[in-house]
2 protein chains.
Amino acid sequence: MRRWNGWGDDQFSLELPAQGTDFLSQRIGAAEPLTDADLASVCQQVPDSHLPDHPLVATDAEIRVRHARGQSLPDWLAMRSGDFGRFPDGVACPTSPEDVRSLLAYADQHDIDVIPYGGGTSVAGHINPQAGKRPVLTLSLARMDRLLDLDPDSQIATFGAGTPGPLVESQLRAKGYTLGHFPQSFELSTIGGWVASRSSGQQSLRYGRIEQLFAGGSVETLQGTLSLPTLPASSAGPDIREMVLGSEGRLGIITEVKVRVTPLPAQESFHVVFFPSWEQARTAARSLVQNRTQLSMLRLSNATETETQLALAGHPTQIRMLESFLSFRGARDGKCMMTFGLTGTRPQCRTALKETRRICGEHEGVYTGTYLGGKWAEKRFTMPYLREALWQMGYAVDTLETATDWDNVDHLLATIENNLRGGLAELGERVHVFTHLSHFYPQGCSIYTTYVFRTDTDYAGTLARWHALKHSTSKLIVENRGTISHQHGVGKDHAPYLPIEKGALGMRAIQGLCHTFDPQQRLNPGTLLATDTDSVE
Amino acid sequence: MRRWNGWGDDQFSLELPAQGTDFLSQRIGAAEPLTDADLASVCQQVPDSHLPDHPLVATDAEIRVRHARGQSLPDWLAMRSGDFGRFPDGVACPTSPEDVRSLLAYADQHDIDVIPYGGGTSVAGHINPQAGKRPVLTLSLARMDRLLDLDPDSQIATFGAGTPGPLVESQLRAKGYTLGHFPQSFELSTIGGWVASRSSGQQSLRYGRIEQLFAGGSVETLQGTLSLPTLPASSAGPDIREMVLGSEGRLGIITEVKVRVTPLPAQESFHVVFFPSWEQARTAARSLVQNRTQLSMLRLSNATETETQLALAGHPTQIRMLESFLSFRGARDGKCMMTFGLTGTRPQCRTALKETRRICGEHEGVYTGTYLGGKWAEKRFTMPYLREALWQMGYAVDTLETATDWDNVDHLLATIENNLRGGLAELGERVHVFTHLSHFYPQGCSIYTTYVFRTDTDYAGTLARWHALKHSTSKLIVENRGTISHQHGVGKDHAPYLPIEKGALGMRAIQGLCHTFDPQQRLNPGTLLATDTDSVE
């Protein structure tokens, strides 16, 4: 069953190998875990619902607990401490667009706020009810999880918006297709959530971001149904699809999603190259993408991430052998690991492999074949489980991500890492920080930074540590030409920083758009656009 | 000098070969040309300007005549007859964003409407002043035509919005880069106009549409300056860039455009393949794009377009030899010509050529090498001059274009062609109609139809013929899952059909957006959104 207070399936857990524990305590000190609250006691805190009866609305405590929070670190601390703040007043699981329309009419009639809920995997506070007077209905799309149509000529598939990653892929694979959208949250996140939050998958180099995959569909709004016809391209004015993408529930409830699918590829493989230095690795990665080499994924770990991954991998003997080989070939301390994917026809993959090896070779990259790449592919969706293992040892882990142009990548990466690394110095605490680049464009790339710190002796102190790190770094990101999010969206956590990125007129455009569809701010208030005048001081 | 009443440079003209004339008179009858008005007499009709003085505003008759109309067929008929309708009251040619701000303040203060003018190449009535009470200022960006900055790391170039195609490419080429955006209007159209109207270039398969090339820039609005920062990608809410793309001057005046550029390719070549039938040709083209073969352009002419092009090419002996060869290889009557382009590194081009020949071979395509492809590349921007040659012979020519999903391509193409072909039957007039597909996506493609008919004995009758064809076909397009425009934009001519495509709520979103930036509808009124309730009856 799904964990009520953390990531994923509660039958599955990752163990940190002994070397990993040693590595972390050397870096930031040994830690003591905090005590977790239990589900029964949290359920007892849930207050009476303020919702009038509706046949689709459940108001029992457990369902309200299970839909109150996402997967941000503050969400995690709320679930672990049992200090949830507000719960939704009820949860509805509609099975059709008609159900959704009926629920919106009910909300409008009874002055209820509505929060759309996909997989509950937000790491930016998208689905948390905020304090306020109106009752809150959380509308889960979980039961709208079917492949509704597949057009093999136009390669368009229609899904219920609540279809989670594995059901998207399994239903398509049965017919010989793939969507190719693999965010790390793939196991739980949904196709509607991907659209609402402008998600990006690990193989975006081949398949594109969700913006390129989303072809149209249906959105139920308080003003009626917004139908988005499928068109391969159009110059007929501003694109309404692009207004729905990233709307985070503020315009309406996405009920049907039409996506561009691809026949299953003839070939797919993942390969690893090590570089002696960051400078060489980053230059090679930029050359690859600017050369338009047909790769399907590319990921480049900086030296600390490379070191951390090798330490946490277990298998110390094999890792030692690998390191001897790399050392012999010139990649020693400071080495950086690049993983790349090839997907397509045989000739496409052959040409791309040749070009990639040539370009990497020009920057002293040491090609190690497909063994480590295969391991990456095997474990690509299990990383979020590591948070549980670290938590049990007394470590909190979170990530920050952005994207910027190539001329600014090194500067912004250093700014983020330095700020996080020294961010708890006043408390005498060290922070372990490492980074990878994982989405590449000719213009620039994403920067994805992980930071690990010890929990405080209580939850409030732990949250304060997180807030200090998150706030100061987020501010630096938007002040230094980074986007507040490349792939996680805005939610409530990033909303205060959005005006710096979009500017006053850009914000007015988004506010105007939300006002057109939802003048009473009934849909997911506080998400995307902060309700109060929360400024970044 | 630029032609005041037609396309392009008046020192350049295309002659139709004798075979071409015969071909057309066999198809739709011999024709008599109408008499053209002269510039001096048109200038005499220009009324006094209602604009108050401004140092940047010129109000002489000729400049107002030269900025009154675009290149649609109604524009052409207006310019040829001298019956212009309304002229702008003045024309300003600012040289900086400050100038543009000053002109917008002047317009706001004196209750003036403002029409932004790039290359004046609209074929949908974007820049025609409409009837109304307010004086009209046409704001030409012609003097903002410089490359302002080039960042070789991020491959971003910044241009003044009025830079026309040839100056975009020559300024970039001097530094080893290309934008790769080549619409047929390339000689005259501008980078700001491409953004404002969501343009697409002939090599969009490699370089993308303008949506993919436009990275950010500046828009001067009546509410202040809208700055669009460059980011390689972002999930931070709806994308403001996408609201500016296709805004057709309704939000503000685009002054600076930042675009994603590419180093000049190592190789480029264009090749031609003939197929025995449309069915085979269309299937091969779809397979190529769905296979993600790295082509830079693809164009597929249907049988009538292939026949027309061969007839109009001149060189009857060579064409006869080509046809004998094709006939021997199985491509006879009904044959269809495909042109494809390869651009990139040598290995990329080699792999793509092999895959393309294999896929075309599977559908009985006869590969003829690069001779005809080279001819296409040579003449790629001269086709609009043919309108002049046909006009002098008494033929009017126009085009209609759309895009739709693959499952609908044949149906929509036939619907468009049949409607045009029989559209003047009541008058006893035949229409010569032919089509190509020229922008390809895994989901579908563009459909670009040319139609030629005889002018009536007067201008009013000729305009009526055009209107009958254009209106009925446009209506059929949007009623049959086509977009009202794949690459020409909405303007005033397509505005009545937009609500069918976007739906009531989609229209409200666009109206709301325009209202946020321009509550008094001072900027390019009547374009994109029809002012009156012009419905499609």
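Visitor: With 40% relative accessibility, how does Glu307(A) count: buried, partly exposed or exposed?
Guide: Keep in mind that this is a predicted model. Buried needs under 20% relative accessible area and exposed needs over 50%. Glu307(A) comes out at 40%, so it counts as partly exposed.

Visitor: Which side chain does Glu307(A) meet in a salt bridge?
Guide: The N to O distance for this pair is 2.7 Å, against a cut-off of 4 Å. The partners sit in distant parts of the chain, 280 residues apart, with Glu307(A) in helix 12 (residues 303-312) and the other one in helix 1 (residues 18-28) of chain A. The side chain in question is Arg27(A).

Visitor: And in chain B, how far apart are the closest N and O atoms of Glu307(B) and Arg27(B)?
Guide: Here Glu307(B) is in helix 12 (residues 303-312) and Arg27(B) in helix 1 (residues 18-28) of chain B, 280 residues apart. Glu307(B) is partly exposed at 40%, and Arg27(B) is partly exposed at 27%. They form a salt bridge, and the closest N and O atoms are apart by 2.7 Å.

Visitor: Why are Glu362(A) and Arg358(A) separated by about one helical turn?
Guide: Their side chains meet in a salt bridge at 3.0 Å, N to O. Glu362(A) is exposed, with a relative accessible area of 52%, while Arg358(A) is partly exposed at 42%. The separation is about one turn because both belong to helix 14 (residues 346-362) of chain A and are four residues apart.

Visitor: On to the contact between the chains: which residue of chain A forms a salt bridge with Arg286(B)?
Guide: The count between chain A and chain B is two salt bridges. In the one with Arg286(B), the closest N and O atoms are 3.0 Å apart. The partner is Asp153(A).

Visitor: Which helix gives the largest share of the side of chain A that touches chain B?
Guide: The contact takes 81 residues from chain A and 81 residues from chain B, and about 6200 Å² is buried between them, with carbon and sulfur atoms giving 54%. There are also 55 residue pairs in polar contact between the two chains. On the chain A side, 28 residues are nonpolar, 34 polar and 19 charged. The largest share, 12 residues, comes from helix 19 of chain A.

Visitor: Last one: which domain does UniProt list for residues 84-264 of chain A?
Guide: Over that stretch the chain is 24% helix and 27% strand, with the end C-alpha atoms 43 Å apart. The name comes from an unreviewed UniProt entry, which lists "domain: FAD-binding PCMH-type".

Key
Residues numbered from 1 in each chain as written. Chains lettered and ligands numbered in written order. Predicted model: local features only at pLDDT ≥ 70, side-chain atom pairs only at ≥ 80, totals over all residues. Heavy atoms only, no water. UniProt positions renumbered as here; feature names shortened; annotations may be inferred. Helix = DSSP H or I, 4+ residues; strand = E, 2+ residues; numbered from the N terminus. Contact = heavy atoms within 4.5 Å. Buried area = accessible area lost by both parts, 1.4 Å probe. Polar contact = N/O pair within 3.5 Å; in protein donor to acceptor, adjacent residues only side chain to side chain. Nonpolar A, V, L, I, M, F, W, Y, C, P; charged D, E, K, R; others polar. Buried < 20%, exposed > 50% of the residue type's maximum accessible area, 1.4 Å probe, protein only.
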